[in-house]
Every structure is written in C-alpha cells, then in structure tokens.
Amino acid sequence: MFLVLSHDLVSPLAALQSMIGLFGKGIVDKADVQSYTSDMKQHLDALLATIKSLLDWSLIQLKGDEPVIKPVALRHVVDTQFNLH
C-alpha cells in the first residue's frame, strides 16, 4: 500500500519539479508557458485529490467506520488518469 501511495504522491511532484526547472533555466518559450501552466495545474489537482483521499481514509480508520461500497464511474477514472500521463 505504501508503494502505491508513494508513487501516487511522487509522480505529480516530480513532474512539477521538472517543469519548474525548465522555467528556471529559461528553456521554456513564452508561448509554451500557458501549456505548461495547464499541465502543472492538472498535476497539482491530482496530488491534492490523492492527499484528500489519504486523509479521508485515515479519518475512517481512526473512527472505525465501515466502508460504503458503491458503483464507480470507471471510464471517468481511467480517462482522468490517462490524461495526466
């Protein structure tokens, strides 16, 4: 479980670090800044969603609640992850 969580947290951070490094070195053309900014927002959104899910899970564990099993829109989840990568 920690391996999966680590990967889900590190991947967006590594992408953000790379993009910021390109900005810092002046490698990114001003015309491409908008595209990179959009990508950075997507990575931050994914990171925040992962952290929120982790916090929700930890709260459930602390309270001892039982999980609620419900259908998931798998297509949306797959499309979201595909777009991030």
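Predicted model: local features only at pLDDT ≥ 70, side-chain atom pairs only at ≥ 80, totals over all residues.
# Getting to know this protein

Biologist: What pattern does the protein follow along the sequence?

Modeller: Helices (H or I, at least four residues) and strands (E, at least two) are DSSP runs, numbered from the N terminus. The protein has three helices and zero strands. Read along the sequence, that gives α-α-α.

Biologist: What radius of gyration does the protein have?

Modeller: The C-alpha atoms fill a box of roughly 50 × 25 × 20 Å along the principal axes. The radius of gyration is taken over C-alpha atoms, and the globule rule is 2.2 Å times the number of residues to the power 0.38. A compact globule of 85 residues would come out near 12 Å, but the protein has 16 Å.

Biologist: What share of the 85 residues is buried?

Modeller: Buried means under 20% relative accessible area, exposed over 50%, and partly exposed in between (1.4 Å probe, protein chains only). Of the 85 residues in the protein, the buried ones make up 14%.

Biologist: And what percentage of the accessible surface belongs to carbon and sulfur atoms?

Modeller: Accessible areas come from the Shrake-Rupley method with a 1.4 Å probe, and for residues, only the protein chains shown count as cover. The total here is about 7,200 Å². Carbon and sulfur atoms own a share of 65%.

Biologist: How far apart are the end C-alpha atoms of helix α2?

Modeller: The expected span of a helix is 1.5 Å times one less than its number of residues. Helix α2 covers residues 30-63, so its 34 residues should span 50 Å. The model agrees, with the ends separated by 50 Å.

Biologist: Which helices do the buried residues of α2 pack against?

Modeller: In α2, the buried residues are M40, H43, A46, L47 and T50. Contact means heavy atoms within 4.5 Å. By that test, their packing partners are α1 (2-25) and α3 (74-84).

Biologist: Is H43 buried or exposed?

Modeller: H43 lies in helix α2. Leaving aside neighbours within four places in sequence, H43 is in contact with P12, A15, L16, M19 and L84. Its relative accessibility is 14%, which means that H43 is buried.

Biologist: Which residues is T50 in contact with, leaving aside its neighbours within four places in sequence?

Modeller: T50 also belongs to helix α2. Its relative accessible area is 18%, so T50 is buried. With the sequence neighbours set aside, T50 is in contact with D8 and L9.

Biologist: Which residues does Q42 touch, not counting those up to four places away in sequence?

Modeller: Q42 sits in helix α2, and its relative accessible area of 34% makes it partly exposed. Leaving out those sequence neighbours, Q42 touches N83 and L84.

Biologist: Over in α1, which helix is included in what covers the buried residues?

Modeller: The buried residues of α1 are L5, P12, A15, L16 and M19. What covers them includes α2.

Biologist: Which residue follows α1?

Modeller: The 24 residues of α1 should span 34 Å, and the end C-alpha atoms agree at 34 Å apart. The residue that follows has a positive phi, near 70 degrees, and is G26.

Biologist: How far is L74 from F23 in space, C-alpha to C-alpha?

Modeller: L74 is in helix α3, and its relative accessible area of 58% makes it exposed. Along the sequence, L74 and F23 are 51 residues apart. In space, C-alpha to C-alpha, they are separated by 35 Å.

Note on methods
Residues numbered from 1 in each chain as written. Heavy atoms only, no water.
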